[in-house]
Amino acid sequence: MILSLMVEYYGSDKLVIKAGKMEALQLIRSPIKGERVLALQKIMYDNPTLTAVPEEKDIPRLVDQLIEKMSDLLARRSLEADLEQKIADRLEENHQDYVQDIRRQILKEEKKGYETPMEQQKREKLEELEKVKLTQSVMELLRPDCLEDIVGQERAVASLLAKLSSPYPQHLILYGPPGVGKTTAARLVLEASKERPLSPFRQDAPFVETDGTTLRWDPRDLTNPLLGSVHDPIYQGARRDLADTGIPEPKPGLVTDAHGGILFIDEIGEMDVMLQNKLLKVLEDKRAFFESAYYDPTDDKVPPYIRKLFEEGAPADFVLIGATTRDSSSINPALRSRCAEIYFEPLTPQHIEEIVQRAAKRLSATLGDGVAKLISEYTIEGRKAINILADAYSLALERSQQPTKDEAGNKATDTDAVTGADTDADASAGAADNDSDKAAESTNAASGVVIERADIYKVAQVSRLSPYVTKKASDRCEVGHIFGLGVAGFLGSVIEIEAVAFEAHEKGKGTVRFNETAGSMAKDSVFNAASVVRMVTGKDIHDYDLHINVVGGGNIDGPSAGTAILTAIISAITGQPIRQDTAVTGEISLQGRVRPVGGVFEKAYGAKQAGISRLIIPSENTKDIPKHHLGLEIFPVSRAQEALDLLLAKEE
């Protein structure tokens with residue numbers, strides 16, 4: 001039996017050969033049972049050194065061991081055969097899947113629009129989602145759709161249009177406070193410039209918009225949505241044939257998408273400095289170039305379009321428009337030198353009122369008395385004003401849909417009167433018309449909405465809004481109280497300065513107090529002004545205990561409060577009142593000259609916001625501001641006495 005199992009396991013030919021090698025061929029043919037067992041041991045254990053012939057009593061035990069060994073060999077062979085069959089089946093299955101993938105790829109290449117059942121299911125789900133439409137958002141409805149709708153930026157828009165409509169358009173940087181229309185103006189100006197005969201922009205010129213705060217420079221160059229990038233071909237997610245052959249595929253960025261049009265980068269001042277530097281080369285070359293250690297120019301398998309991208313670069317001939325709410329110091333000087341700069345102006349209360357009135361007209365809503373003016377007190381941003389109006393509109397619409405007690409009672413009575421009289425057919429007809437009636441009622445209700453001041457106050461309370469300007473001009477005069485002017489960024493503001501003076505207990509030993517939180521520059525202005533007081537009035541400031549206060553303690557980062565502080569001190573010492581309809585800016589020198597300061601244009605907006613009607617500026621700043629700007633009466637002065645004559649009220 002054991003011999004037959006060995007023939008089955010090894011095969012007769014292999015068994016004879018192995019028996020010969022083990023010197024067991026003669027033993028296996030011996031008539032002696034012990035020698036035949038010895039032969040089987042040599043073959044089974046693959047050991048030709050065995051020579052001891054087993055005794056008769058040991059033969060049963062040795063035969064059992066041989067049978068067990070043979071069973072293990074046969075079981076292992078059976079298991080290996082099963083594993084080999086499974087491996088073969090799996091290889092065949094993978095081969096079939098690969099063949100199917102190749103077949104689908106060929107079908108896609110030969111038959112456009114081909115999709116798998118899974119792809120079809122996903123597409124159909126997207127199409128179902130596309131059918132669900134909500135109403136238009138308020139910001140979309142109220143967004144300006146023509147240049148005339150951009151309020152308060154006539155000069156900036158005209159300059160922007162002139163620069164883009166030229167046969168040689170310039171790169172631009174737009175400065176200005178938020179919510180004044182920089183992005184909208186850039187988009188609308190492109191559409192307007194397409195119609196100009198000398199404009200280089202075609203009708204299909206793209207307007208590509210991105211946000212500088214989201215653009216970051218990757219030192220590994222693994223990703224760059226602005227300039228484009230090349231990934232490792234194994235991880236780049238490219239076509240399978242490119243990944244298999246190790247060919248990198250460049251991914252063009254936004255600069256290529258904007259080719260032939262506008263690349264608008266909002267908040268460009270927040271963009272990474274290194275990325276600004278890299279953008280410079282693209283502006284100069286008008287192409288975006290790619291590099292990769294995986295690119296082999298001698299590889300014949302590289303597709304022509306990839307070879308072209310690596311060797312010639314991607315086209316990037318566009319006009320850059322960057323917008324920022326920060327000052328020019330946040331922009332790379334080299335980038336600024338290649339761009340024209342346009343400053344958008346802050347909005348006045350009158351501009352905000354006009355924006356609100358136009359928005360209410362688009363909403364088909366009626367504004368109550370003083371609503372537009374009230375909104376203008378809470379913000380200087382056009383976008384914020386629209387948001388306040390939209391919130392108030394929602395409140396007014398909800399209020400208009402609430403029935404009064406009389407209406408509710410009459411409605412209940414009418415319903416009770418007809419209960420039981422309606423037939424099933426009537427009820428069915430009413431249900432069918434319900435949707436159309438509801439839509440009609442909604443339209444009628446929305447068109448008759450009246451927005452009241454109470455709605456604005458509710459919005460202000462819920463949103464925790466406070467009036468943007470708390471300091472207001474007046475027609476009366478006050479002793480020791482004056483309006484100075486400051487500027488932060490692109491926004492000017494009125495600074496309240498007050499002073500009180502008491503005769504010192506001992507002549508020549510008076511003290512001067514000043515709130516330190518106003519900053520070192522304001523403190524210097526106090527001591528400069530103190531030196532000029534004696535020159536102008538002949539009085540010694542040390543004969544008085546003097547206290548000067550900048551209301552609110554706002555930090556003054558420049559010397560422009562000198563003239564205002566001088567006037568407040570003289571008023572406090574002499575008792576002469578100061579006009580409260582006038583604001584003043586200008587540095588004071590020790591010789592009593594009014595020196596020029598910066599930000600006069602923006603300071604005028606702050607004065608207008610506070611209701612100031614007269615503005616005193618250094619004579620050297622006259623060129624910085626148009627005459628009668630914003631309807632202000634502007635007085636240039638060069639000496640302190642000239643400012644005092646305009647500020648101190650005349651004695652009756």
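## A buried strand residue

At 13% relative accessibility, Thr 210 counts as buried, where buried means under 20% relative accessible area, exposed over 50% and partly exposed in between, with a 1.4 Å probe and protein chains only. Thr 210 is part of strand β2, residues 207-211. Leaving out residues up to four places away in sequence, Thr 210 touches Leu 215, Leu 254, Phe 264, Ile 265 and Asp 266; contact means heavy atoms within 4.5 Å.

## The model and the whole chain

This is a predicted model, in which local features need pLDDT of at least 70 and side-chain atom pairs count only at pLDDT 80 or more, while totals for chains, interfaces and linings use all residues. Residues are numbered from 1 along each chain as its sequence is written, and side-chain values use heavy atoms, with hydrogens and water left out.

The protein chain has 25 helices and 22 strands. Helices (H or I, at least four residues) and strands (E, at least two) are DSSP runs, numbered from the N terminus. Of the 652 residues in the protein chain, 40% are buried. Among contacts between residues at least 6 apart in sequence, 75% join residues at least 24 apart.

## Helix α24

Helix α24 covers residues 600-609 and includes Gln 609. Because 9 of its 10 residues are buried, α24 is largely enclosed by the rest of the structure. The buried residues of α24 pack against helices α8 (154-165), α15 (349-362) and α16 (371-378), and against strands β13 (481-488), β14 (491-503) and β21 (614-618). After α24 comes Gly 611, whose phi is positive, near 85°.

Gln 609 has 8% relative accessibility and counts as buried. Its contacts beyond four places in sequence include Leu 347, Ser 376, Tyr 468 and Lys 472. Gln 609 and Ala 473 are 136 residues apart in sequence, and their C-alpha atoms are 9.8 Å apart in space.

## Salt bridges

A salt bridge is a side-chain nitrogen of Lys or Arg within 4 Å of a carboxyl oxygen of Asp or Glu. By this rule the count comes to 25 salt bridges. One of them joins the side chains of Arg 358 and Asp 149, at 3.3 Å from N to O. Arg 358 lies in helix α15 and Asp 149 in the loop between α7 (138-142) and α8, so this pair ties together parts that are 209 residues apart in sequence. Arg 358 is partly exposed at 32% relative accessibility, and Asp 149 is partly exposed at 21%.

Lys 507 and Asp 543 form another salt bridge, with their closest N and O atoms 3.4 Å apart. Lys 507 is exposed, with a relative accessible area of 69%, whereas Asp 543 is buried at 18%. Salt bridges that share partners join Asp 145, Asp 149, Glu 354, Arg 358 and Arg 362 into one network.

## Surface patches

Patches are made of residues with over 30% relative accessible area and no salt bridge; like charges are joined within 9 Å, and nonpolar side chains (Val, Leu, Ile, Met, Phe, Trp, Tyr) within 5 Å. Leu 79, Leu 83, Ile 87 and Leu 91 make a nonpolar surface patch of about 410 Å². Accessible areas come from the Shrake-Rupley method with a 1.4 Å probe, and for residues only the protein chains shown count as cover. Leu 83 lies in helix α5 and is partly exposed, with a relative accessible area of 46%.
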